[in-house]
2 protein chains.
Amino acid sequence: MTSNLTIKDIAELAGVAPITVSRVINQKPDVSKATSQRVQAIIDKHQWRPNVQARGLVRGKTYTLGFLSSGISTSFVTYLVEAIERIATANNYALLLVGADPRTREADHGFEILMSRGVDGIILGGPLDLSAATLAAAEERNIPLLTLYWPQEGVPLLSVDYREAGRLAAEHLRELGHRRCLYVHDSNPLTCDPYTTARWEGFRDLAGPDFHVEALQQAYGGTATLTARLRQGDITGIFCQNDRCLPDIYRGAWELAIDVPGELSVIGCNDQAITRALTPQVTSVDNAKHRIGEQAALALIRTPAGGRPRGKIYKPALVIRESTGPAPHHPKKRSTP
Amino acid sequence: MTSNLTIKDIAELAGVAPITVSRVINQKPDVSKATSQRVQAIIDKHQWRPNVQARGLVRGKTYTLGFLSSGISTSFVTYLVEAIERIATANNYALLLVGADPRTREADHGFEILMSRGVDGIILGGPLDLSAATLAAAEERNIPLLTLYWPQEGVPLLSVDYREAGRLAAEHLRELGHRRCLYVHDSNPLTCDPYTTARWEGFRDLAGPDFHVEALQQAYGGTATLTARLRQGDITGIFCQNDRCLPDIYRGAWELAIDVPGELSVIGCNDQAITRALTPQVTSVDNAKHRIGEQAALALIRTPAGGRPRGKIYKPALVIRESTGPAPHHPKKRSTP
DNA sequence: CTGATATGCGTTACCGGTAACCTCTATCAG
DNA sequence: CTGATAGAGGTTACCGGTAACGCATATCAG
């Protein structure tokens with residue numbers, strides 16, 4: 001019965017002063033074993049837990065991490081939240097979740113909510129715009145910051161080498177004998193990934209006389225541009241910016257009755273759940289999202305109040321599934337419907 | 001520059017007592033307009049925000065909601081979190097996210113984290129086991145509780161009439177002329193949905209001489225049981241417990257080269273993003289998840305400390321897409337491969 | 001036996017707000 | 001002129017912990 005007991009109640013029940021109870025729960029010295037056990041017994045019996053707010057007030061620490069992001073239900077962000085939450089809970093930290101406005105990406109409001117609650121560290125997630133003033137305020141308050149995937153001026157970045165992701169995709173396609181491939185992306189300024197370009201550059205890195213690449217913009221939820229291009233019949237491989245594009249690509253192939261991977265190989269990026277939901281299952285580049293989330297939480301928990309956590313760029317890894325295969329010998333020319 | 005100013009600093013700068021600043025920020029009477037404006041000016045100038053912990057300590061209120069759930073990255077739960085977060089932020093509440101152990105569903109630990117932080121209300125999400133003692137402790141502390149989707153003894157429930165969802169699916173299939181349909185579910189005790197049975201009952205409600213239904217268990221990630229049944233060639237419609245099953249069902253159909261919706265109509269449940277990611281897009285029953293999340297947050301924000309929020313059961317709605325169509329005239333017998 | 005050093009625990013003040021109560025001044029009816 | 005009343009603001013104590021410091025009692029070398 002975790003009722004509204006305070007440290008004073010516990011102290012009284014144990015016949016000691018409150019500070020002694022405090023010492024017991026914080027495993028400080030200067031308490032005899034006998035006293036300690038007696039106090040602990042009372043605590044256990046009543047399942048008492050110290051009030052985190054009171055403790056936070058006097059310690060200037062809240063044992064709380066903040067996560068700020070728009071598009072919290074976006075698959076990628078969800079993975080981050082899950083990993084962060086797991087680490088936080090395991091370390092008796094709580095996770096404060098605040099969203100930015102998904103339409104404007106304006107995040108100052110959310111950031112201030114987190115700051116006024118005195119979180120011990122803030123993790124920045126997906127699409128968000130923070131003003132320099134806000135960032136400076138965090139700096140001044142010594143709140144450790146970390147950004148995952150969305151770069152912020154002056155904030156350490158924990159992410160993946162997306163250029164390398166592009167290279168891995170290109171390498172795989174080239175080795176399978178594909179000679180003309182597409183990089184499909186959506187550069188809508190609100191939803192686009194900051195690493196759209198990096199992936200493209202990596203993908204293009206392997207271009208050469210026997211490996212032609214070109215970029216194609218295809219807005220989420222549409223297939224027209226893509227199918228128009230595929231009709232020309234020369235493309236045998238696709239690498240897309242983000243697994244979010246995959247449903248559109250599969251749909252486009254379906255509309256043209258193109259067999260994946262028989263006639264067209266498809267590679268996604270980020271290795272989200274959708275890769276296993278589609279048939280055939282999609283080869284994708286794993287971007288270490290779980291590791292990133294975990295490391296972010298750990299880094300902030302471990303960083304002392306004044307310190308700066310370190311960023312890190314992980315290496316991506318190709319996960320081969322069913323959507324990629326040898327290039328067809330004679331790519332078919334498609335007829336216009 | 002939201003530095004570490006306190007109410008005392010602001011008071012001093014404005015030449016008043018701290019309590020006056022307190023009155024200004026809380027819009028209380030007994031402050032002259034002139035004084036109020038002067039104080040407000042100082043506050044604005046320094047972008048000062050009161051320390052939420054200190055305020056919470058003395059008020060016994062934290063302006064924080066807790067969300068407890070396992071499987072935070074589960075699509076359905078994600079929708080809830082997103083909706084709750086939006087309402088919370090809009091009302092200057094924060095959302096504290098805590099996960100239960102996904103393997104054991106044990107949630108007492110998480111619940112205690114939330115309680116010791118004095119959240120103003122707790123929303124219970126997906127699969128979790130709470131001990132009666134823990135629930136009683138919340139009761140005793142007057143913490144308003146609400147459970148979405150996962151029933152808890154004595155806790156008001158905000159959910160959807162899943163029996164009706166089953167009926168809607170059956171109705172749709174029957175009207176399309178299907179006469180022999182399957183209810184596909186996964187009754188794994190850890191992952192299964194508490195409404196598995198309700199949906200089945202609703203689906204069966206419409207069974208009759210011209211509408212035969214049967215239930216089939218098919219674990220997530222597999223297709224063997226399903227394809228074995230489909231090979232008999234008599235099934236022309238499927239309703240599945242949860243959109244999570246859809247990828248398996250589509251894969252099963254693909255393995256047998258069954259055309260959806262030409263030869264087989266498929267209806268999902270919950271109307272998650274996957275319905276639009278698959279081709280053809282899947283007809284599904286919308287379970288009002290956004291409304292549920294929003295209402296939960298609002299209810300808890302509005303419920304005064306001692307009160308009990310009210311539960312509510314929403315009506316589901318069928319969302320027709322591309323995966324359902326008229327029953328084929330002559331269902332084909334499948335040959336064993 | 002004395003002074004030095006631990007050991008074990010309590011007292012006091014304080015973290016940053018706010019509720020409850022108090023004081024002072026102005027205004028006004030009788 | 002007196003007393004009542006309202007308006008504007010301050011004083012004090014407290015929320016539930018903890019840091020800093022203080023003070024017995026025990027132990028032990030010399």
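Two strands pair if DSSP finds at least two bridges between them, and strands here are DSSP E runs of at least two residues, numbered from the N terminus, just as helices are H or I runs of at least four. This is a predicted model, so local features need pLDDT of at least 70, side-chain atom pairs count only at pLDDT 80 or more, and totals for chains, interfaces and linings use all residues. Residues are numbered from 1 along each chain as its sequence is written, while chains are lettered from A and ligands numbered from 1 in the order in which they are written.

**View 1. Strands β9 and β10 of chain B pair up in parallel.** β9(B) covers residues 265-270, β10(B) covers 283-286, and four bridges link them. Look for Ile267(B): sitting opposite is Thr283(B) of β10(B).

**View 2. Here's an open sheet of six strands in chain B.** The order runs β7-β6-β8-β9-β10-β12, with mixed pairing. β7 (212-217) and β12 (317-319) of chain B each have a single partner strand, so one side of each is left without a neighbour in the sheet.

**View 3. Helices α5 (75-90) and α13 (289-302) of chain B pack together.** Their axes (lines fitted to C-alpha atoms over the stretch in contact, with angles from 0 to 180 degrees between N-to-C directions) are 8 Å apart, at about 40 degrees. That makes the pair oblique, the label left over once under 35 degrees counts as roughly parallel, over 145 as roughly antiparallel and 65 to 115 as roughly perpendicular.

**View 4. Asn91(A) sits in the loop between α5 (75-90) and β2 (94-99) of chain A.** Asn91(A) is partly exposed, with 14 other C-beta atoms within 10 Å (20 or more would be buried, 12 or fewer exposed, with C-beta atoms placed from the backbone). Leu298(A) is 207 residues away in sequence, yet 8.9 Å away in space, C-alpha to C-alpha.
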